[in-house]
Amino acid sequence: MTQDLLPITRVPRTGLPPHAVVVGDPARAAAVAALLDGAEEVSYHREYRVFSGSWKGLPVVVASHGVGAPGAILLFQELADAGVRTFLRFGTAGAMKPGIGDGDLVVAEAAVRDDGVTHQLLPPEYPAVAAPEAVLALQRAARAAGAPHHRGVVWTRAAFQPGLLPLFSYAGAGLAAIEMELSALLVTASLRGLVAGGVLVIDGANADELVDEQATGGYDPHREVVAAGVERGAVVSLEALRLLAEAEEGEQA
């Protein structure tokens, strides 16, 4: 019956596992879900494609939220309504400083709230911070997987393409990467008492001094080096969820 489904994502109101990996692309959600045991598609409405299954015995959700924070926050809110309590965003991003290469992972410690939606919910001074335990679990999982990785603050920005406003107003601030949805997740989690973090695969360079258009031919996220990073990042995300669940069980014992 329709009243048993949430209105935007069409996921069931109850019965979802409490741990989730969220991604932008519905096809990537399917690819991550393919790593699970007993994966089943729960729903697919608009950009919101949701799977459930298990990773090394841990029941998990894998869901897509589409491009941009205004739509993504609807998924985060409805998954939380349905019982998800731990979220890890697994996405792609552009590097913002030297030393972070294509295919590397960036574990986000916090995010700049330039997302286009949370400023309509809260004053700009409210921070978007990852749960410390999520940061540590992602870093531990990346090390175990042998994945090149970095930690730092990322910039969540609503506009993908540059416009008349200066793109790099945070130049010199030491930001690691730029992406489009994470701060909305971190704010949602803080407001609702959830655990959240994010790990991002670098698919290009965004800082002006890092971009060599002549050498690279421009932005191209479909290269083998990025695909290899995405494969590593999927395993890192799922394994970090398992580590978080393991720690939760230890605290409850």
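**Helices, strands and a ring pair in a predicted model**

Leu186 sits in helix 4. The model here is a predicted one, and in it Leu186 counts as buried, at 1% relative accessibility. Its C-alpha atom is 12 Å from that of Val153, a residue 33 positions away along the chain. The buried set runs through Leu182, Ser183, Ala184 and Leu185, takes in Leu186 itself, and carries on with Val187, Thr188 and Ala189. Just after helix 4 comes Gly193, with a positive phi of about 70 degrees.

Another pair of helices can be described by how they pack. Two packed helices are described by the angle between their axes and the distance between the axes. For helix 3 (residues 132–145) and helix 6 (residues 224–252), the angle is about 125 degrees and the axes are 8 Å apart. Helix 3 and helix 6 are therefore oblique to each other. As for handedness, helix 3 passes helix 6 in a right-handed crossing.

Strand 4 is mostly covered, with 6 of its 7 residues buried. It pairs with strand 1 (residues 19–23) in the parallel sense, through 4 bridges. Within that pairing, Val21 has Val62 of strand 4 as its bridge partner. Strand 4 also pairs with strand 3, this time running antiparallel and joined by 6 bridges. Here Ala63 of strand 4 is the bridge partner of Val50.

Val50 turns up again in the next pairing along. Strand 3 (residues 48–55) lines up antiparallel with strand 2 (residues 37–45) over 6 bridges, and Val50 in strand 3 is the bridge partner of Ser43.

Most residues other than glycine have a negative phi, and most peptide bonds are trans. Against that background, Arg46 stands out: its phi is near 55 degrees, a positive value in a residue other than glycine. Arg46 is placed in the loop between strand 2 and strand 3, which form a hairpin with 2 residues between them. With a relative accessible area of 65%, Arg46 is exposed.

The hairpin of strand 3 and strand 4 also has 2 residues between its strands, and there Lys56 takes a positive phi near 50 degrees. Lys56, too, is a residue other than glycine, and it is found in the loop between strand 3 and strand 4. Lys56 is exposed as well, with a relative accessible area of 57%.

A loop residue of another sort is Val84, placed between helix 2 and strand 5. Val84 is buried, with a relative accessible area of 0%. The C-alpha atom of Val84 is separated by 5.7 Å from that of His19, although the two residues are 65 apart along the chain.

The structure holds 1 aromatic pair. In it, the ring centres of Phe76 and Phe87 are 6.4 Å apart and the ring planes make an angle of 75 degrees, so the pair is edge-to-face. Phe76 belongs to helix 2 (residues 69–81) and Phe87 to strand 5 (residues 86–95), so the contact ties together parts that are 11 residues apart in sequence. Both partners are out of the way of solvent by the numbers: Phe76 is buried at a relative accessible area of 0%, and Phe87 is buried at 1%.

One more ring has a charged neighbour. Arg28 lies over the face of Phe90, at 5.9 Å from the ring centre.

Notes. Residues numbered from 1 in each chain as written. Predicted model: local features only at pLDDT ≥ 70, side-chain atom pairs only at ≥ 80, totals over all residues. Heavy atoms only, no water. Phe/Tyr/Trp six-rings, centres within 6.5 Å; stacked < 30°, edge-to-face > 60°. Buried < 20%, exposed > 50% of the residue type's maximum accessible area, 1.4 Å probe, protein only. Lys NZ or Arg CZ within 6 Å of the ring centre and 35° of its normal. Pairing = 2+ DSSP bridges. Axes fitted to C-alpha atoms, helices over the stretch in contact; angles between N-to-C directions. Parallel < 35°, antiparallel > 145°, perpendicular 65-115°, else oblique. Left-handed = near helix turned anticlockwise from the far one by under 90°.
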